[in-house]
Amino acid sequence: MACIASSVSGLCAPSIRFSGKAAKTEIFGTPVKAKALGAGKSAMMASTSTSRGMSVVAMSNPRGNSGGSRKGLHKYVERVDAPQLKDDLIPMRVGSTLKVGVTVIEGGKSRVQPYEGILIAVHRAGVATTVTVRKTFQGYGVERIFPIHSPLCTFEEVRGAGKPVVRRAKLFYLRNLVGKKAKLKTRFVAKKVGQTRFEAKMEALTASKAAAAAEVEAAAAAVEEAAAAAAKAEEETAAAPAAAPADETAAEPEA
């Protein structure tokens with residue numbers, strides 16, 4: 001396989017031939033100046049061979065024939081995923097207690113299955129971001145992974161008397177603890193007066209959505225009015241030629 005790969009790379013890759021002081025470059029049999037290949041940053045030396053005082057260097061592109069840049073591809077993926085992202089998610093912190101409502105469809109019926117547990121991990125991957133929620137049921141640990149941007153999942157934070165004390169990004173050590181040891185320590189936090197940042201964000205979001213809906217309704221009403229005015233103008237133009245001969249026949253007896 002290695003011999004086949006080297007032979008294929010030798011056939012398909014451009015080559016540079018050095019003979020004495022002159023340097024010539026051939027790409028698929030076509031002579032090209034050596035400067036056309038650049039400084040060699042995007043090319044990689046693949047193999048060298050010497051025959052009768054002539055060295056042949058095969059060069060290949062390490063990135064392959066991908067076409068385009070990774071940055072452009074990343075921007076395209078973000079633009080495609082943007083409509084699928086939820087904008088009303090609660091702030092999720094590792095260690096907080098979440099109440100998840102999962103919509104289960106059974107035949108022609110649907111129901112919401114509740115699940116409550118401690119958030120032990122968050123895997124951030126854009127539209128594919130997931131959270132791992134753990135709970136203990138009859139002495140057995142149960143973990144479930146939920147995609148936060150799925151339309152079938154809703155999330156609510158269960159606030160207790162205190163705030164959990166967490167110093168890690170992943171709480172996988174809870175898997176080895178049982179009973180009271182598996183509970184997180186909490187500290188008392190005075191309740192803030194006024195709106196929270198999440199409440200202010202949700203108010204601004206609802207206001208922007210209402211404004212956008214009003215603009216859409218106004219545009220639809222304007223289109224309907226324009227269509228009605230055009231239809232009325234067409235009716236008037238169609239009725240005007242029929243009324244003109246009637247006026248001429250009425251004027252003839254008077255003459």
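1. At 33% relative accessibility, aspartate 87 counts as partly exposed, a class that lies between buried (under 20% relative accessible area) and exposed (over 50%), computed with a 1.4 Å probe on protein chains only. Its partner is lysine 209, with 3.9 Å between the closest N and O atoms of this salt bridge, a term that stands for a side-chain nitrogen of Lys or Arg within 4 Å of a carboxyl oxygen of Asp or Glu. The pair links distant parts of the chain, 122 residues apart, with lysine 209 in helix α3 (residues 197–251) and aspartate 87 in the loop between α2 (70–81) and β6 (97–106). Lysine 209 is likewise partly exposed, at 47%.

2. On the basis of these values, the model is predicted, so that local features need pLDDT of at least 70 and side-chain atom pairs count only at pLDDT 80 or more, while totals for chains, interfaces and linings use all residues. Residues are numbered from 1 along each chain as its sequence is written, and side-chain values use heavy atoms, with hydrogens and water left out.

3. Arginine 175 and glutamate 143 form a salt bridge at 2.9 Å, N to O. Glutamate 143 is partly exposed at 30% relative accessibility, as is arginine 175 at 42%. Salt bridges with shared partners join Arg134, Glu143 and Arg175 into one network.

4. A further salt bridge pairs glutamate 157 with arginine 159, their closest N and O atoms being 3.9 Å apart; glutamate 157 is partly exposed at 27%, whereas arginine 159 is exposed at 68%. The search of the whole structure finds 5 salt bridges.

Note on methods:
Helices (H or I, at least four residues) and strands (E, at least two) are DSSP runs, numbered from the N terminus.
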